[in-house]
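Happy to walk through this one with you.

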Amino acid sequence: MALRAAGRQSLVDTVVEQLRGQLAEGEWKVGDRVPTEHALAEQLQVGRNTVREAVRVLVHAGMLQSRQGEGTFVVSTTDPAEVMRDVRRAGIRDVLELRIALEAEGARLAALRHSPADLRRMRAALKSLEAFEDAGEQSASGHHELHAAHDLEFHTAVVDAAHNAALSATYGWFSSSVHDSLVASLGDREVPSIVPADHRALVEAIASGDPAAAEAAARALLETPKRAIEALLATG
């Protein structure tokens, strides 16, 4: 059964929904290896980065499993994240409020439980985000999705450093909403841009092992865009 070609809006969500539908319809059974990233990108007529993010959402949702050197395999054809459908349709303010709740707790736990590998992952993600910002490409609309992907990778690294499987799974199910809200915010000149310095402060707070400081840094990082969105809604 051929996959439908994805449209140009909400690409990650579109691909996630199509792959979820294929799994629910039995296109691939439990234990099957799904087509390669390259093959899916060609079939759906989207970029490989979009496919990679969509597959990652389904991995976090518990439907797929990536095995290094082997590929990606089906582990469930039922999506445990159905309850998150309404969340993905929520407005940017709702997404930010839930992000604050999840990421602040994630940062607090990360300060207590992080490993050296977790810190390396966070710093590598931050370095990639800073390099993207320094390149001066973030103002071009065609780069908003890539910019959002860099930021999402950083925040996912923070949440995963909490070493709480339920929290990581929940954030994974929610990640497509985070991605879409980031893309929308990046395209709005009235919303403050991503500030790498705030991200660095969060990493250092986690590295210090101070849970209160880490939680405060996570909240502060998202407070500015939240206030901006609330102001826009109040005048809208």
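Q: Which residues line the largest cavity?

A: This is a predicted model, and in it L19, L23, W28, V34, L40, V55, L58 and L64 form the lining of the largest cavity. Helix 1 (11-24) and helix 3 are the elements that give two or more residues to that lining. The space inside comes to about 40 Å³.

Q: What makes the lining of the largest cavity nonpolar?

A: Leu, Trp and Val all count as nonpolar, and the lining consists of L19, L23, W28, V34, L40, V55, L58 and L64. The tally is therefore eight nonpolar, no polar and no charged residues.

Q: How many cavities of 30 Å³ or more does the search find?

A: There are three in the whole structure. The term cavity applies because a 1.4 Å probe fits inside but cannot get out.

Q: Why is the contact between E37 and R52 called a salt bridge?

A: The cut-off is 4 Å between a side-chain nitrogen of Lys or Arg and a carboxyl oxygen of Asp or Glu. For E37 and R52 the closest N and O atoms are 2.7 Å apart, so the pair qualifies.

Q: What about D160 and R121: which parts of the chain does their salt bridge link?

A: The closest N and O atoms of D160 and R121 are 3.0 Å apart. The pair links distant parts of the chain, with D160 in helix 7 and R121 in helix 6, 39 residues apart. A network of salt bridges links R56, R121, E153 and D160.

Q: How do you know how E230 and K226 are placed along helix 10?

A: They are four residues apart in helix 10, so about one helical turn separates them. K226 has 15% relative accessibility and so counts as buried, whereas E230, with 30%, is partly exposed. The structure holds 12 salt bridges.

Q: Which residues lie nearest the centre of the second largest pocket?

A: N49, E53, E145, L146 and A149 do, out of 17 lining residues. Helix 7 gives the most to this lining, with six residues. The pocket holds about 390 Å³ of space, and its lining has five nonpolar, seven polar and five charged residues.

Q: How much space lies in the largest pocket, and which residues are closest to its centre?

A: About 500 Å³ of space lies in the largest pocket. Of its 27 lining residues, L186, V191, P192, S193 and I194 are closest to the centre. The lining divides into 11 nonpolar, 11 polar and five charged residues.

Methods:
Residues are numbered from 1 along each chain as its sequence is written. This is a predicted model: local features need pLDDT of at least 70, side-chain atom pairs count only at pLDDT 80 or more; totals for chains, interfaces and linings use all residues. Side-chain values use heavy atoms; hydrogens and water are left out. On a 1 Å grid over the protein atoms alone, a cavity is a set of points where a 1.4 Å probe fits but cannot get out, and a pocket is an open set with protein on both sides within 12 Å along at least five of seven lines; lining residues have an atom within 4 Å of a point. Grid points are joined across faces, edges and corners, and a volume is the space filled by probe spheres set on the points. Buried means under 20% relative accessible area, exposed over 50%, partly exposed in between (1.4 Å probe, protein chains only).
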